[in-house]
Amino acid sequence: MNDEVPSEGDFDANRNRGEFDNITPEDFIHGGGSGHGNPPGWLGPADINRARHQMPIAYVEIVPVRTDDMGRIAQVGSLLRVSDDGSIERTVITGRVLFHETLREAIARNVAKDLGDIALPLLPASLQPFTVAEFFPTPGLSEYYDPRQHAIALCYVVAIAGDCKPQDETLDVEWVDPKSDMMDKFVDQMVNGHGRIVRQALAWAGV
């Protein structure tokens with residue numbers, strides 16, 4: 001998690017980094033921390049809306065799972081949250097990659113944002129995503145749709161070892177056996193291509 005932020009003993013720890021001089025990894029994970037407020041690269045509503053209309057936005061999409069003692073997927077998690085129009089939707093963990101943030105930091109921060117600080121995600125050894133999903137704001141252009149933006153999402157399966165306490169806009173986290181009939185029901189409730197991503201995750205994991 002320290003890829004971008006040096007420890008005191010690093011050979012280049014004293015190198016000037018401008019606005020990042022006093023930033024720690026926790027600032028990226030928690031969206032603040034260390035008394036600095038939001039880290040550099042955290043855009044306000046007007047700025048992110050402008051960017052969304054001008055360029056693709058990088059995202060990570062995370063399928064949370066719980067594994068058994070042999071490392072096999074025993075449960076798949078899904079989130080219930082309030083959508084932009086006020087309705088309740090089922091989805092997985094998604095979030096932007098911030099400026100100067102590594103992919104590992106983005107994964108950890110977005111898990112903490114939705115599941116809480118003690119979810120204890122086991123970050124993947126490899127940053128190779130199991131798929132890349134390209135969301136378009138135009139319906140029918142692809143299997144993935146996001147009315148707000150053109151988003152490119154790197155998709156990961158991440159095991160959760162700790163306790164989940166829904167945060168932010170997440171109302172609840174529900175876990176289901178991937179081989180049960182309820183799994184199909186949950187996936188069918190995920191719209192705009194997120195259900196397809198979950199099916200790809202299970203196929204990639206050999207479930």
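What covers the buried residues of helix α4? Start with the model itself. It is predicted, so local features need pLDDT of at least 70 and side-chain atom pairs count only at pLDDT 80 or more, while totals for chains, interfaces and linings use all residues. Residues are numbered from 1 along each chain as its sequence is written, and side-chain values use heavy atoms, without hydrogens and water.

Helix α4 spans residues 181-188. Helices here are DSSP runs of H or I with at least four residues, strands are runs of E with at least two, and both are numbered from the N terminus. Met-183, Phe-186 and Val-187 of α4 are buried. Buried means under 20% relative accessible area, exposed over 50%, and partly exposed in between (1.4 Å probe, protein chains only). Seen down the axis of α4, the buried residues fall within an arc of 95°, so they line one face. That arc is taken from the directions from the helix axis to the C-beta atoms. The face turned away carries exposed Asp-181 and Asp-188. The cover over the buried residues includes β2 (73-82), β3 (88-91), β8 (170-176) and α5 (194-204). Contact means heavy atoms within 4.5 Å.

Now look at strand β8 again. Leu-171 is found there. Leu-171 is partly exposed, at 49% relative accessibility.

Next, the loops. Most residues other than glycine have a negative phi. Asn-192 has a positive phi, near 65°. Asn-192 sits in the loop between α4 and α5. Leu-120 also has a positive phi, near 55°. Its loop runs between α3 (103-115) and β5 (121-122).
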